[in-house]
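Biologist: I'm new to this one and would like a friendly walk through it. Could you put it on screen and start wherever you like?

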Amino acid sequence: MRRRRSVLKPARLTPLDILHTGMAGMRNRPMRVVLSALGIAIGIATMISVVGISASSKEELLRELDKLGTNMLVVTPGTDLLSQKEVPMAKDAAGRVARIDGVEQVGATGLLDHTVRRSEKIDDMITGGISVQSATEDLLTTLRGSMRSGTWLNAATGKYPSVVLGDVAAQRLGITEPGQRVYIDNEYFTVLGILDELPLTPEVARSALVGWEVGRTRLGFDGRPTTIYERSADDRVESVHGLIPRTVDPQTPHNVEVTDPSSGLQAKAAAEGAFSNLLLGLGGVALLVGGVGVANTMIISVLERRYEIGLRRSIGATRGQIRASSSPSRCCCPDSAVSSASSWAPPPPAATRSATAFPGWSRRGRSAAVSPPPSSSAPWRASTQRSAPPICPRPSPSTRPDPGGPAESAQADDNS
């Protein structure tokens, strides 16, 4: 009978062997592992910081825009083309704007030729950049403002010498609470309240606001508004913007100017978005450079460990076992993934495999197949698996096996 050829079956690696072999690369190259992990951690932290800071800044700006609204328009007198002088608006200009279809709220102010001071002892030339204006009762609602302290002007208080200060005006005058008095046109006015910050209307924040009726009776106001604020529906802003000049001054609509105070914040939000995109692109380039560096390190590591992988394959290790041994360290550092890449390398030549033959190897056939002793195959597999070191140094020229020794002897025996 023809004798059946025994086939060498690969031994199984225990979890302890897999862990020991997989961590060998990290133990032998600790500096490379630390630098690779540190570089990747810095790159990821930079990306998160850049995206987080820019996104939070933009979100805060958009939240402020939603709170203030983008549907407010400001109407001011224009300049005559011939005389280059300001053309005042009609006394009922605010009422005309309120009758436009789509307009929801209207408020107005009228600039007065007076100054506000803390007392009569202060020279009237020291204004502090604070203007005095008459305001309608609907102004605060139209601006979506709020009172920091005190109350707003109403039908009752608007007839008496009382004033509401903007936040900047109160700071410059040194007024901290309602009940104090300021000096306007040789008369003391009682402070009713102080406004909160108004980002869309800084001119109101720097003003002392008196009632519309008080301005006409006590301060010489002619009743012509110098600024009209209106809010319309979001879908009617463009149409209202085109109707306001022809409504306020039908004969010369070019003498009326209409502006959108929220356009500046919208441009700022767009700039914030473009800046965050730029930072995101720079961070992506940095990560790409870091990835190329890690790939370069992996290639170098593969070249360094090719003899180790070849030797492990020559003594019976399969590609699956090599990939399994690299799994523990692959989770800790990308540099350890070189074991996985190395496991796909082709096996060493047949001559190298023949040099590691054990007793019982077959001399029949074209290749020298390694076969264990018939009576002790399982103990032999266990001993060879456990006796093989996890990482083998590169053999020196003096200790390398002769590629042609056993193979040529086997061929000579076959010929004889």
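**A first look around**

Modeller: Let's begin with Thr142, which, leaving out residues up to four places away in sequence, touches Met72, Gln105, Val106, Gly107, Tyr229, Glu230 and Arg231. Contact here means heavy atoms within 4.5 Å. A word on the source: this is a predicted model, where local features need pLDDT of at least 70, side-chain atom pairs count only at pLDDT 80 or more, and totals for chains, interfaces and linings use all residues. Residues are numbered from 1 along each chain as its sequence is written, and side-chain values use heavy atoms, with hydrogens and water left out.

Biologist: Thanks. Where is Thr142 found, and is Thr142 buried or exposed?

Modeller: Thr142 belongs to helix α5, residues 139–143. Its relative accessibility is 0%, so Thr142 counts as buried. Buried means under 20% relative accessible area, exposed over 50%, and partly exposed in between, with a 1.4 Å probe and protein chains only. Helices (H or I, at least four residues) and strands (E, at least two) are DSSP runs, numbered from the N terminus.

Biologist: How many helices and strands does the protein have?

Modeller: There are 17 helices and 11 strands. Of the 416 residues in the protein, 35% are buried. Among contacts with a separation of 6 or more, 75% are between residues 24 or more positions apart.

Biologist: OK, what about cores? Which residues have the most contacts inside the largest nonpolar one?

Modeller: Val116, Val163, Leu165, Ile175, Val182 and Phe189 do, in a core of 20 residues. A nonpolar core is a set of buried Ala, Val, Leu, Ile, Met, Phe, Trp, Tyr and Cys residues joined through side-chain atoms within 4.5 Å. At least two residues of this core come from each of β6 (162–165), α6 (167–173), β7 (181–184), β8 (187–195) and β9 (207–211). Another core, of 17 residues, lies apart from it, and includes Ala135, Met147, Leu198 and Leu200.

Biologist: Why do nonpolar side chains end up together like that?

Modeller: In soluble globular proteins, nonpolar side chains tend to be buried together.

Biologist: Back to Val182: what is it in contact with?

Modeller: Setting aside neighbours within four places in sequence, Val182 is in contact with Val116, Arg117, Arg118, Val163, Leu173, Ile175, Glu187, Tyr188, Phe189 and Val191. Phe189, in β8, is also the bridge partner of Val182.

Biologist: So how do β7 and β8 pair?

Modeller: They pair in the antiparallel sense over 4 bridges. Two strands pair if DSSP finds at least two bridges between them.

Biologist: New topic. Which residues of α9 are buried?

Modeller: Val237, Val240, Ile244, Pro245 and Val248. They cover an arc of only 135° around the axis, which puts them on the same side of α9; the arc is that of the directions from the helix axis to the C-beta atoms. On the other side of α9, Glu238 and Arg246 are exposed.

Biologist: And what do the buried ones pack against?

Modeller: They pack against β1 (72–77), α4 (93–98), β2 (103–112), β10 (227–232) and β11 (256–259).

Biologist: Last stop, Thr227. Which strand is it in?

Modeller: Thr227 is in strand β10, and is buried with a relative accessible area of 12%. Beyond neighbours within four places in sequence, Thr227 is in contact with Val74, Val75, Thr76, Met89, Gly107, Ala108 and Thr109. Thr227 and Met89 are 138 residues apart along the chain, and their C-alpha atoms are separated by 9.1 Å.
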